[in-house]
Amino acid sequence: MAQTDELSFRYRAFLKAYRWRRIDPVPWSPLGKPLAAARLGLVSSAGLTLAGQDGFDSGVRGGDTSYRVIPGDATAAVLEDHHRSESFDHTGVRRDANVAFPVDRVRELADRGTIGSVAPRHLSFMGSVTAPGRLTRDTAPAAAEVFVEDQVDVALLVPV
Amino acid sequence: MCNQTVSLIGAEMERRGITTVVIQLLRHIARAVRPPRALWVPYPLGYPLGAPDDPALQHRVLAAALALVEDQAAEPPVLRDFL
């Protein structure tokens with residue numbers, strides 16, 4: 001079970017004073033079709049990239065809110081860990097990226113007919129965003145636009 | 001921070017008509033941020049789908065998340081435990 005006492009003293013002190021952003025009102029878009037006909041896109045904040053893509057910049061104050069596009073046919077084996085946070089154990093992600101970005105698993109769901117199809121573009125973020133102003137103003141709307149363009153019905157979002 | 005980040009991105013997608021579900025590792029953050037649909041999992045930070053090289057467990061987590069998407073009777077915000 002994840003506990004905040006896994007974290008460093010300094011980070012715990014920061015979290016104690018941190019004001020979490022409350023989503024209000026809570027938006028609600030029920031699925032208007034069977035899951036077996038739905039297209040599913042993934043969003044992961046595990047900071048994974050493809051070889052050749054720019055890494056994330058941990059020097060950005062408040063957090064790097066940019067994202068990388070990961071093609072729906074990419075395999076977990078080709079994803080590289082660029083997350084700089086020391087607040088979690090990277091061993092699992094480096095061994096099998098599916099533990100935080102289940103690209104292989106969702107293709108299997110499509111093969112089995114559980115979902116209709118996999119989105120052509122998944123989205124990869126680095127989640128250490130402490131100042132989410134830019135995220136909510138710019139990057140999240142741009143990310144949503146990618147999924148709207150690709151006619152994604154269901155988004156599964158995975159933190160790390 | 002990751003827990004809040006994905007919830008804020010998901011909320012924007014939900015506003016655009018996409019049905020979203022987020023996995024959450026820290027329940028108190030999910031309660032504070034209030035993503036539309038959240039599945040809390042009892043795993044350490046870094047292991048949202050349970051374990052590496054364990055496709056069966058990863059599929060069980062995915063199935064539980066997708067069950068929230070299919071639950072037409074649910075009322076927002078939904079926060080369910082994966083057990």
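Biologist: What is the area buried between chain B and chain A, and what share of it do carbon and sulfur atoms give?

Modeller: This is a predicted model, and the residues behind the contact number 61 from chain B and 68 from chain A. Carbon and sulfur atoms give 68% of the area buried between the two chains, an area that comes to about 5,600 Å².

Biologist: How many salt bridges are counted between chain B and chain A, and how far apart are the closest N and O atoms of A:R95 and B:D53?

Modeller: The count between the two chains is three salt bridges. A:R95 forms a salt bridge with B:D53, and since the cut-off for such a pair is 4 Å, what qualifies here is a closest N to O separation of 3.0 Å.

Biologist: Which element of chain B gives the most residues to the side that touches chain A?

Modeller: Between the chains there are 28 residue pairs in polar contact, both residues being at pLDDT 80 or more. On the side of chain B that touches chain A, the elements giving two or more residues are helix 1 (2–15), strand 1 (19–24), helix 2 (27–33), strand 2 (37–40) and helix 3 (55–70). The residues of that side divide into 37 nonpolar, 15 polar and nine charged. With 14 residues, the element of chain B that gives the most is helix 1.

Biologist: In which sense do strand 7 of chain A and strand 1 of chain B pair, and which residue stands opposite A:V154?

Modeller: Strand 7 of chain A, residues 154–158, pairs with strand 1 of chain B over four bridges, and the sense is parallel. Within strand 1 of chain B, the residue that stands opposite A:V154 is B:T19.

Note on methods. Residues numbered from 1 in each chain as written. Chains lettered and ligands numbered in written order. Predicted model: local features only at pLDDT ≥ 70, side-chain atom pairs only at ≥ 80, totals over all residues. Heavy atoms only, no water. Contact = heavy atoms within 4.5 Å. Buried area = accessible area lost by both parts, 1.4 Å probe. Salt bridge = Lys/Arg side-chain N within 4 Å of Asp/Glu carboxyl O. Polar contact = N/O pair within 3.5 Å; in protein donor to acceptor, adjacent residues only side chain to side chain. Nonpolar A, V, L, I, M, F, W, Y, C, P; charged D, E, K, R; others polar. Pairing = 2+ DSSP bridges.
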